[in-house]
Amino acid sequence: MTDGVSSSGSVKKQRSFVADVLPSFASGAVAGALAKTTIAPLDRTKINFQVSRTRRYSFKAALKFIKLTYRETGFMSLWRGNSATMARVVPYASTQFAAHEQWKHFLHVDKDGAHTPVRRYMAGSLAAVTATTLTYPLDTAKARLSVSTKQEYKNLRAVFIQNYREYGLSTFYRGMWPTLMGVVPYAGSSFFTYETLKIIYKEEMGGDVSPITRMLFGAAAGLVGQTSSYPLDIVRRRMQTGRIPRGQGVLEALYLIWRNEGVRSCGGWNKLHNLRYYHALHAETVYRRFNDTASLRIGRELLFLIKRARNRRRWNKL
């Protein structure tokens, strides 16, 4: 009897892991890779303007940078650093979405029809903190590769080797605090907005959210999250790429950017905000649209494969 109960419990745990964790993990990885690859040229352009203290952003200047990069180093150079992006985004996105499902379960978010907005916000923030902590060195390496030339770093491996020899392991965690300070409001606001919009839609319309509506909700979530965290993203990028001196703290960096470059100028905190909004809108739209639908399909396929494998084992024993 005990064996039967323990066996049943094991099957339930396995089913829960396959139905909840693996689909979110797999769909998050694919959604992240797809979203980031399509906007890689914009991402490289954004980082180059972010880390510069003198180069002022405008749409014309962004186009000029892209044209100059294309003429000097070729079309594929616009995707320079994308391999590093994939190395970071795939584990980051998969971990974030999988962790979000687990944090929702752990915090009992909106369980049994109850509305728990604070827990809904906390689940998104904690998911991002979990993913950021695990993948941060890859983000630093990707940023440095994006603003470098082939003479400086040939590939992602060269970034890790050269920087580790010169500065040690701690160099890959520069900008960690502003990153964590930024992902808490960004992911918290983004997941909260998306989940809340879905709840309101279901209550008002009385049906499932359509794919097009999910895309619109994803875009809205990205814009809300981006607005809440952008100043810290400037500090993070400058710390990662060495534009901010070692020993300078987050608050001091924010103050100096405000004093020297201003808030409403093309530089400073609002630098590249239009480009960043487009970046966030596109990425979140792809994330949400693909993740929600794919995770359900992946979950069903995985459960089907496990059942088939279990039946084959039973048949072979007979």
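Leaving aside neighbours within four places in sequence, which residues is His100 in contact with? They are Ala123, Gly124, Ala127, Phe191 and Glu195, where contact means heavy atoms within 4.5 Å.

A quick word on the model: it is predicted, so local features need pLDDT of at least 70 and side-chain atom pairs count only at pLDDT 80 or more, while totals for chains, interfaces and linings use all residues. Residues are numbered from 1 along each chain as its sequence is written, and side-chain values use heavy atoms, with hydrogens and water left out.

His100 sits in helix α4, residues 82–107 (helices are DSSP runs of H or I, at least four residues, numbered from the N terminus). With a relative accessible area of 3%, His100 is buried (under 20%; exposed is over 50% and partly exposed in between, using a 1.4 Å probe and protein chains only).

Past that helix, the loop between α4 and α5 (117–146) holds His108, and Asp112 lies in that loop too. His108 is not a glycine, yet its phi is positive, near 55°. Asp112, also no glycine, has a positive phi of about 55°. On accessibility, His108 is partly exposed at 38%, whereas Asp112 is exposed at 74%.

As for the rings, there are eight aromatic pairs, counting Phe, Tyr and Trp (its six-membered ring) with centres within 6.5 Å. One of them, Phe75 with Trp79, is tilted, at 5.2 Å centre to centre and 55° between the planes (stacked is under 30 degrees, edge-to-face over 60, tilted the rest). Phe75 is partly exposed at 47%, and so is Trp79 at 24%. Ring pairs join these two and Tyr70 into a cluster.

Notes
Helix = DSSP H or I, 4+ residues; strand = E, 2+ residues; numbered from the N terminus.
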